[in-house]
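Work through the exercises below with the coordinates open. Each task is followed by its solution in steps.

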Amino acid sequence: MGLLYGLLAVGLALIFGLMDVTNFAHGEFLMLAMYLTFFLFMFWAVDPLLSIPIVAAGMFVFGAVIYLIIIRFAMRAKANIGMVQIFATFGLAILMRGLAQFFFTPDYRSIPASMLGGKTISVFGVFLPVPQLVGALISIAAFGALYFFMKKTDFGRALEATREDAGAVALVGIDKNKVFALGWGLGSALIGLAGGVMAIFFYIYPDVGASFALIAYVTVALGGFGSVFGAFAGGIIVGLVEATTAMILPPSLKSVGIYAVYLLVVFIRPRGLFGSI
Amino acid sequence: MDSFTQRRRRDLILAGFLAAIAACVPFFVKDVYVQNIMVLTLMYAALSQAWNILSGYCGQISLGHALYFGLGAYTTALLFTKFGVLPWFGMLAGGAISSVIALALGYPTFRLRGHYFVIATIVIAEIGFLLFHNWDYAGAALGIDIPVRGDSWAKFQFTRSKLPFYYFALVFCCVAWLITWWLEDSKWGFWWRAVKDNPDAAESLGVVVFNSKMGAAAVSAFLTAIGGAFYAQFVSYIDPESVMTFQFSLLMALPAVLGGIGTLWGPVLGAVILIPMTELTRSFIGGSGRGVDLILYGAVIVLISLARPDGLIGLFSRRPASKGVPQ
């Protein structure tokens, strides 16, 4: 089921590759989405599967707000723009982790049961856990929707154009901040989707994001920055490589395979598999 | 406007003055807890200075310096515990190994640009972390306990007082600063700034871009490993979690970023502000276990990086950072 994990990483990392902004807090975005799912379940007994759209909507707002209050200023920096982004988002990550510890306590939590929990179905003689399968389907659907969105709608084109040349789009009357705020909202909503699904089968605790952040980052870079399709392909490759490595090496070394593949790919092709920048 | 040479002379005098003050501070500050923070501050100032050489001056942003730090710490600790080699030699060996590895890694990675390079440095350091985490000879996840063999400069162990560590850290910090100071006006220093500003233009003007990156990487890795070796002796216990994680790479970069990237004084200023702040929030507020220290720490990093993208050093000079070079 490494494949599914790869698909989830795509949802997590898509927009950040598209917008060329380094976001070291995306693991913490994922953590927040998982907590949202958890609390919806605890307080209102909303099944994680049903709460996914709610979480995604909540994360959309959260992402847009974070853009407006932090990232907008980070992108305005004249010097060291890359470093400012890295450290502004890194600070945000620490801040969010601290807040999560403060409000949610460092305890490990999990969602005890959902409509899907623990069920398996048999496909061609292979037993697949239902939550993972649903997660995979949601990821594919989300990818399809995003791909369509990026290629076919005005907003998608505006986003792409803004990333390429913010000065030029301003001349044709596109508000850069509005486009990027929506882009951040959309990216965060995708993280919300991933978080909603992952909350079903992972423990939830304040540091949970950190364990996924680097892999998501590698996924995007592996596929190549600036390519939606690349991120999707990168996700599948990461999932497969992780599953393969887990069979050969001890479990604690399973990420080594992913990192090694990343290095191999960029050494041969320095802009990732499908990258445009 | 004073000239570049004048500024460099003034920097040197100021550095000597500050070092003299720092050397006297322990006569007045006897509190062991405060001394501990001062040692860490000096160590991070030096580490950040080392990071600054590669990432600040040469513009190759590395977020994998924990690898070199860990290599320095592990080389010293392993040589000492397994073979009884004195830490001084272990320190040099660690530095040499780190430099060689930095060169070997630089060969393929320096072809990468932007995010691809940054991620490669993170990923390489992470592989190093995972390997040490699983390497039984080096204690795997449990790490290495460095046995106490009595207080002496020869063995570089001091259990009764922090002062020897303080003075070593001070010398280390001064050496790192002096090396940066010296390099700033050397052929390498000019090459690095050229590579940082515009690698293509630099190449066309005859700068050997690749070699100058390699040079920066080797110096930077060597100094970082010395810091690692020092840290291993200072805390006398190392494990992969404490010396090789990604968080640690960021911690080394933060003082330079907050103080001012690619400047002589940035890392020093950043460390003096950041490290005491980190330690104090951790011990006075962090004890509650509820993350208030993280909230404050995170908020300060966000605010400073947004408010002063050039680094805090900009507050002290009317001239924009890294533009004090005459034609």
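**Exercise 1. Chain B as a fold**

What share of the contacts in chain B with a separation of 6 or more comes from residues 24 or more positions apart?

The model is predicted: local features need pLDDT of at least 70, side-chain atom pairs count only at pLDDT 80 or more, and totals for chains, interfaces and linings use all residues. Residues are numbered from 1 along each chain as its sequence is written, chains are lettered from A and ligands numbered from 1 in the order in which they are written, and side-chain values use heavy atoms, with hydrogens and water left out.

Step 1. Apply the rule to chain B. Residues 24 or more positions apart account for 77% of its contacts with a separation of 6 or more.
Step 2. Chain B has 13 helices and 2 strands. These are DSSP runs, numbered from the N terminus: H or I over at least four residues for helices, E over at least two for strands.
Step 3. Of the 327 residues in chain B, 56% are buried. Buried means under 20% relative accessible area, exposed over 50%, and partly exposed in between (1.4 Å probe, protein chains only).
Step 4. Chain B exposes about 13,600 Å², and carbon and sulfur atoms supply 68% of it. Areas come from the Shrake-Rupley method with a 1.4 Å probe; for residues, only the protein chains shown count as cover.

**Exercise 2. The interface**

Characterize the contact between the two chains.

Step 1. Count residues. 48 residues of chain A are in contact with 42 residues of chain B.
Step 2. Compute the area. About 3,900 Å² is buried between the chains, and carbon and sulfur atoms give 76% of that. Buried area is the accessible area (1.4 Å probe) that two parts lose on being put together, summed over both.
Step 3. Look for charge pairs. Between chain B and chain A there are 0 salt bridges. The rule asks for a side-chain nitrogen of Lys or Arg within 4 Å of a carboxyl oxygen of Asp or Glu.
Step 4. Look for polar contacts. The rule finds 1 residue pair across the interface, both at pLDDT 80 or more. A polar contact is a pair of N or O atoms within 3.5 Å; within protein, one must be able to donate a hydrogen and the other to accept it, and residues adjacent in sequence count only if both atoms are side-chain atoms.
Step 5. Assign elements on the chain B side. Those giving two or more residues are α4 (87-109), α5 (114-134), α11 (246-259) and α13 (292-307) of chain B. α5(B) gives the most, with 12 residues.

**Exercise 3. A charge pair**

How many salt bridges are there over all chains?

Step 1. The count comes to 1 salt bridge over all chains.
Step 2. Identify the partners. The side chains of A:Glu28 and A:Arg97 meet at 2.9 Å, N to O.
Step 3. A:Glu28 lies in helix α2 (residues 26-44) and A:Arg97 in helix α4 (residues 81-104) of chain A, so the pair ties together parts 69 residues apart in sequence.
Step 4. Check burial. A:Glu28 is buried at 1% relative accessibility. A:Arg97 is buried at 14%.

**Exercise 4. Single residues**

Is A:Ser188 buried or exposed?

Step 1. A:Ser188 sits in helix α8 (residues 176-201) of chain A.
Step 2. A:Ser188 is buried, because its relative accessible area is 0%.
Step 3. Leaving out residues up to four places away in sequence, A:Ser188 touches A:Phe29, A:Met59 and A:Gly63.

Now contrast A:Gly58.

Step 1. A:Gly58 is found in helix α3 of chain A.
Step 2. A:Gly58 counts as partly exposed, at 32% relative accessibility.
Step 3. A:Gly58 and A:Ala33 are 8.5 Å apart, C-alpha to C-alpha, and 25 residues apart in sequence.

Technical notes. Contact = heavy atoms within 4.5 Å.
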